[in-house]
Amino acid sequence: MPTEETRRKYAAAKDLIAKAERILISGHLSPDGDSLGSMIALARLLTAAGKQAFATADVKALGKPGFLEGVQDLIPLKKLKRKKFDLFIYVDASTPSRLPPEVRPFAEKLPTLTLDHHVTSEESGAVSIIDATASSAGELVWRFAKWMEWPIDQAIAEALWVALVTDTGRFAYDSTRPGTLRAATDLVKHGVRTAYINDILYCAFPMKAMELKRRAWRSLHVWQNRKVAEVSLTRDDFREVRGSKADAEDVIEIPRQVARNEIALFFYQIPDRTHETRVSIRTRGNWDATVLAGRFGGGGHKRAAGCTIKGAMAAAKRQMRKAVREMLKG
């Protein structure tokens, strides 16, 4: 059951939506399954409720979740300039700085509703519904939909299912709680094709994704008596295989597979960005990934976080390794 504070925020969000006609929905840059699934589901829920609701994303960088019904209705980021909206909703982005640059002006000018589950999330906009105990943004969208008594069809259920399974590691991570499984049970009732989705997400990879994994395996570096393991992909790696970050979404699992690993790092450079190295961080035991990410202005969850370091790959590795050593000593 939602708390009194949550019910108050739900009511405020309901009022915002009631006053709006044209609604824009966005997730973070390079949307993953949770971000994309939540966006698509929310757009379909609002449209069925009588609103003109549109999700937006870089349609060329959707990766495996791009099979979802509703992707065809996404507004490409480059076509947003001529569009007008009267409410902006963003999901799974933690802060406005993680939104695509094309979307940020809407966050600054329009009444804004935030739905997020990161422990480092910032209260932003007119109404913020933030719950770090939720497994995913998809779980929050499901809760809000049930409170609003919006009907859920198969397409919405599958979008939310992708959000849940990708952000919980197929219900294996610590973030999986009784409420997560209640949401999953409800979604299955609406006809989610669980085996079909599992095959797409986890059992079939294009050759460029396989090649990126091969290169990442070759870069594997293990140190601190196997406590720390890292892999990397350079700008040239992505260019040479014509791949995107979406094709390397699960590369972080390579260092996590090392026995006794407690801190896994994935360094990568997006081809169309210069002088930046991004880092995905995963932890086990007592280590908090947000502590490392926070050193560089990033955030996320205790077990999964990320950040961007200004500078070349070699310099970024030196800075992150220093931060890891300091954390381990502490």
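Trainee: Helices here are DSSP runs of H or I with at least four residues, numbered from the N terminus, so which helix is Asp-186 found in?
Mentor: In this predicted model, Asp-186 belongs to helix H6, which covers residues 178-188.

Trainee: And is Asp-186 buried or exposed?
Mentor: Asp-186 has a relative accessible area of 11%, and because buried means under 20%, Asp-186 counts as buried.

Trainee: What is Asp-186 in contact with, leaving aside its neighbours within four places in sequence?
Mentor: With those neighbours set aside, the contacts of Asp-186 are Trp-142, Lys-146 and Ile-152.

Trainee: Switching to pockets, what volume does the second largest pocket have?
Mentor: Its computed volume is about 570 Å³, and 22 residues line this second largest pocket, of which Met-1, Pro-2, Tyr-10, Asp-131 and Arg-143 are the closest to its centre.

Trainee: How do the lining residues divide into nonpolar, polar and charged?
Mentor: The lining of the second largest pocket has nine nonpolar residues and eight charged ones, with five counted as polar.

Trainee: OK, on to helix H5, how many of its residues are buried?
Mentor: H5 is mostly covered, with 12 of its 14 residues buried; among them are Ile-156, Glu-158, Leu-160, Trp-161 and Asp-167.

Trainee: Which helices do those buried residues pack against?
Mentor: The buried residues of H5 pack against helix H2 (33-48), H4, H6 and helix H7 (194-202).

Trainee: How far apart are the end C-alpha atoms of H5, and what should the helix span?
Mentor: The end C-alpha atoms of H5, which runs over residues 154-167, are 20 Å apart, and at 1.5 Å a residue its 14 residues should span 20 Å, so the two values agree. The expected span is 1.5 Å times one less than the number of residues.

Trainee: What caps the N-terminal end of H5?
Mentor: Asp-153 does, with a side-chain oxygen that lies 3.2 Å from the backbone nitrogen of Ala-155.

Trainee: And what is H5 followed by?
Mentor: H5 is followed by Gly-169, which has a positive phi near 60°; Arg-170, a residue other than glycine, also has a positive phi, near 60°, and Arg-170 lies in the loop between H5 and H6.

Trainee: What about Ser-30, where is its place and what is its phi?
Mentor: Ser-30 sits in the loop between strand S1 (22-26) and H2, and its phi is positive, about 45°, although Ser-30 is not a glycine. With a relative accessible area of 32%, Ser-30 is partly exposed.

Trainee: Last topic, which strand is Leu-115 found in, and is it buried or exposed?
Mentor: Leu-115 is part of strand S5 (residues 112-116), and at 1% relative accessibility Leu-115 counts as buried.

Trainee: What does Leu-115 touch, not counting residues up to four places away in sequence?
Mentor: On that basis, Leu-115 touches Leu-42, Tyr-90, Val-91, Asp-92, Ile-129, Leu-140 and Val-141. Separately, the C-alpha atoms of Leu-115 and Gly-27 are separated by 9.7 Å, while the two residues are 88 residues apart along the chain.

How values were computed. Residues numbered from 1 in each chain as written. Predicted model: local features only at pLDDT ≥ 70, side-chain atom pairs only at ≥ 80, totals over all residues. Heavy atoms only, no water. Helix = DSSP H or I, 4+ residues; strand = E, 2+ residues; numbered from the N terminus. Buried < 20%, exposed > 50% of the residue type's maximum accessible area, 1.4 Å probe, protein only. Contact = heavy atoms within 4.5 Å. 1 Å grid on protein atoms, 1.4 Å probe; cavity = no way out; pocket = protein on both sides within 12 Å on 5 of 7 lines; lining within 4 Å. Points joined across faces, edges and corners; volume = space filled by probe spheres on them. Nonpolar A, V, L, I, M, F, W, Y, C, P; charged D, E, K, R; others polar. Polar contact = N/O pair within 3.5 Å; in protein donor to acceptor, adjacent residues only side chain to side chain.
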